[in-house]
Amino acid sequence: MKHFLEISQLSLDEVNQLITRAVYFKNSRIFPDFSRHRMANMFYENSTRTRVSFELAACNMSIPVVNLDVERSSETKGETLEDTLANLAAMGIDLVVIRHRQEGIQQQLAQRPGIAGIHLINAGDGIHAHPSQAMLDLMTVLEHRRDLSQLKIAIIGDILHSRVANSLQYLFALVGVKELTLVAPKPWQPKKAFFGRTTDSLEDGISNADVIICLRVQQERLLKHEYLDLSVYRSQYALSLQTLAWARPEVLIMHPGPVNRGVEIDGDVADSDKSVILQQVTNGVFMRSAIIESVLQE
Ligand code: CP
C-alpha cells in the first residue's frame, strides 16, 4: 500500500501480514535497512506514544527522522499543508507521519498531485481514525488469545469521540471477533456503530468479557451538551477491582493511553497482572516498523 490511512483500506491478508512482520521484528530484533529513505513526524495534536514509537520504529530501520515543530513551521506564515509537504519532498523526505485535529485530512492530502512523491501515515485524525493504534492493539490481543472467533471484547468510555474505538470496530469486524460491546453513557454513544452493540450498563457490557479496552475521557473534545460530571461518570463506568469482578477471571485489561488514573480506571487495575497496557506500548514500536516497511515497499 502506498499510504496507511485507515483500517477500512486493509484486506484481511494485509492485516495478517502486518501482524506477522511486527511479531517477527519483536522476536528477532532484525529490521530491514531503509536508510535511503527520510521520514518526517508532523504532530498537530499532542502525543507521547505514537510520535516516539514511530520515531523509534524508523530508527530501527536506519531511517533519519525529522520531528517538525509544527507550531514554528512556515504554515504559521500562511503556507498550506500541501505546500509544506511538497517542500519537505523537495528536501528528500518521502515518508510523513501526520496527526491532525481535522478528520480525513490525510485522506484528502493523499489525493493531491503536489505530494505524489510522499507516503503518508495517519497517526490519528480528529475523532475519525487511529489505525496504527488499532493494529498494535490487535497484535497485543493475539499474543494472549489466538482464537478471535471466541472472544468477547468490551470498549468502555467516550465512544462517540474515540478514533481508537472507530478503528477497532473496523478491525475487529474484519478479523472475526465474536462479540464487541461498546459501553458508554448515552451522550457518548456513537450515532451509528459499524460493528458491535451499544449499552449504557457497565455490568451488561463487561459481563464475561475476555478483553476490556478502557478509553480516556477526552474532555478537550466534548461539546457543552456532552459534558458529564466526572465523579458521576467514575461512579458508573470506572474500571475498579469491584467492577472487574463482572468480567472473566482471566480478562485482559487494555488502554491506548494516556491513562487518567482515578478517572476511567483505578491505579490498582492499570497496574494489575491482568493489565497489558505497557505491552501495547512496546508492541507499538514493532507494529509501526511493519507499517513503515509496508508503505515504503510499494
Ligand atoms: N495512544 C495514543 O495515541 O497515545 P499518544 O496520544 O500519546 O500518542
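Start by selecting Y24, F25, F31 and F286: together they form one aromatic cluster. Keep in mind as you click around that this is a predicted model. Across the whole structure, a search turns up six aromatic pairs.

For one of those pairs, select Y233 and Y237. Their ring centres sit 5.2 Å apart with the planes at 20 degrees, so this pair is stacked; the cut-off for that label is planes under 30 degrees apart.

Next stop, the cavity. Searching the whole structure gives one cavity of 30 Å³ or more, and the volume of the largest cavity is about 60 Å³. To see what surrounds the largest cavity, select R49, Q133, L136, H255, P256, I277, Q280, V281, G284 and R288, which line it. By class, that lining has four nonpolar, four polar and two charged residues.

Now colour two helices, α5 (131-144) and α10 (277-296): each supplies at least two residues of the lining of the largest cavity. Which helix gives the largest share of that lining? That's α10, with five residues.

Definitions and conventions
Residues numbered from 1 in each chain as written. Predicted model: local features only at pLDDT ≥ 70, side-chain atom pairs only at ≥ 80, totals over all residues. Heavy atoms only, no water. 1 Å grid on protein atoms, 1.4 Å probe; cavity = no way out; pocket = protein on both sides within 12 Å on 5 of 7 lines; lining within 4 Å. Points joined across faces, edges and corners; volume = space filled by probe spheres on them. Helix = DSSP H or I, 4+ residues; strand = E, 2+ residues; numbered from the N terminus. Nonpolar A, V, L, I, M, F, W, Y, C, P; charged D, E, K, R; others polar. Phe/Tyr/Trp six-rings, centres within 6.5 Å; stacked < 30°, edge-to-face > 60°.
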